[in-house]
Amino acid sequence: MAILSNILNVVITLLVFFTIILIHEFGHFFTAKMFGMKIYEFSIGMGPRLFSKTTKTTTWSFKLLPIGGSVQLGEDFESDDPNDFRNKPVWQRMIVIAAGAIMNLILGFVVCVVSVCASDAIATTKVSYFNEDAVSSQVMQIGDEIVEMNGMAIWTTTDISYCLQNKVAHTDQTGGNVYYDMTVIRNGQALKLSVPFELVGSDSETDSAGIKVDFKVYPQEKNILTVTAAAGKTFLTEARLIWISLFDLITGTYGINDLSGPVGVVSTMASALNESIKLMSFSSFLMLIALITINLGIFNLLPIPALDGARFLFLLIEAIRGKPISAEKEGWVHFIGFAALMLLMLTVTFNDVIKLFTQ
């Protein structure tokens, strides 16, 4: 039964993963159709075709590698057909290119809304309770609303957890505590505090950084306004953490071994789904889906050759200079970028497979 359950979790996870990709490609497809562009191929996956079906003008394909998808609009060649991508107004092409990422971001917000609705209550950032031995109560008080930690604006409890794990202000070597510079709202006034937390070994009462979280926050009643506001804050939190992670990757805080490809993502999602089923709470699994689709939306908007962000940049340059860059030159830029991305993907996937058998 356990094996069948694990297989079912993987199948459900793959369906979710494919749905995220499908919605991204649908954004390109729908807007291209809206502007009357010729669509040569709509494909899910990359690499060799497993099967395909051709209609009047479009080939519908399902490919071997489940690491993406594409809508081929003929953007990499020039033609005399007025319905081809490169012959449409530049503003229409910009909308089509951006539509995939925008659909992922919209999906991310919708999943955030569902996740908030699925949770028992909306967590605020206002302190409601201290543990009996709480050291943070030496400085904070019940009713304090945490709005900033170590220079980072606090929107959700996820922000608080992130700061506790990654943004230690300073350590008291004698008392065994760590201190965080916080701004709280107390009785309508903003106060700057240096708040201690106990530094202990990892156990069920601590997070991964070994910081003992010794307080709880007030819940908030769910209604259409509070759910929408909480979903918006959650969306912004996830988007900001993705940008922070990208910056950490560029600056060397994280290495290539810390990245996950499709194998790692599916494995993580399947594990999260399994845990959610055990706890009968799917809020955390939904938040993982939101994180993945928001990440896909943001990553695709980066100006990296072969990604939508680079294609959008070429169109922006065309709009400014009044004429397009030649299809051949742009095509070579995207080809080189695609080859580099595939090499990175193969490396990351290899690492994911190794982790499956060594962890």
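## Start at R93

Select R93: with a relative accessible area of 4%, R93 is buried (buried is under 20% relative accessible area, exposed over 50%, partly exposed in between, using a 1.4 Å probe and protein chains only). Before going on, note that this is a predicted model, where local features need pLDDT of at least 70 and side-chain atom pairs count only at pLDDT 80 or more, while totals for chains, interfaces and linings use all residues. Residues are numbered from 1 along each chain as its sequence is written, and side-chain values use heavy atoms, with hydrogens and water left out.

Helices (H or I, at least four residues) and strands (E, at least two) are DSSP runs, numbered from the N terminus. E318 is buried too, at 12% relative accessibility.

Keep R93 selected and bring up F85: R93 lies over the face of F85, 6.0 Å from the ring centre. The rule for a charge over a ring is NZ of Lys or CZ of Arg within 6 Å of the ring centre and within 35 degrees of the ring normal. For another case, jump to R240, which lies over the face of W155 at 3.8 Å from the ring centre.

## Along helix 2

Now select F109, which lies in helix 2 (residues 90–118). F109 is partly exposed, with a relative accessible area of 31%.

## The charged network

Next, select E41, R49 and K63, which are linked in a network of salt bridges. E41 and R49 have their closest N and O atoms 2.9 Å apart. Buried or exposed: where does E41 fall? At 8% relative accessibility, E41 counts as buried, whereas R49 is partly exposed at 48%. K63 sits in strand 2 (residues 59–72) and is buried, at 15%. Leaving aside neighbours within four places in sequence, K63 is in contact with several residues, including I44, M46, P48 and L50 (contact means heavy atoms within 4.5 Å).

For one more bridge, pick K212 and D133, which meet at 3.0 Å, N to O. K212 lies in the loop between strand 8 and strand 9 (215–220) and D133 in the loop between strand 3 (122–130) and strand 4, so the pair ties together parts 79 residues apart in sequence. K212 is buried at 11%, while D133 is partly exposed at 45%. The protein's count comes to eight salt bridges.

## Rings

Time for aromatics: the count comes to 11 aromatic pairs. Rings of Phe, Tyr and Trp (its six-membered ring) pair if their centres lie within 6.5 Å; planes under 30 degrees apart count as stacked, over 60 as edge-to-face and the rest as tilted. Select Y180 and F197: the ring centres are 5.6 Å apart and the planes are at 80°, so this pair is edge-to-face. Y180 lies in strand 7 (residues 177–186) and F197 in strand 8 (residues 189–198), so the pair ties together parts 17 residues apart in sequence. Y180 is buried at 0%, and F197 is buried at 0%. Then show F18, F51 and F62, which form one aromatic cluster.

Most residues other than glycine have a negative phi. Select N187, in the loop between strand 7 and strand 8: its phi is positive, about 55°, and N187 is exposed at 78%. Finish at N150, whose phi is near 50°, in the loop between strand 4 (145–149) and strand 5 (152–153). N150 is partly exposed, at 22%.

Technical notes. Salt bridge = Lys/Arg side-chain N within 4 Å of Asp/Glu carboxyl O.
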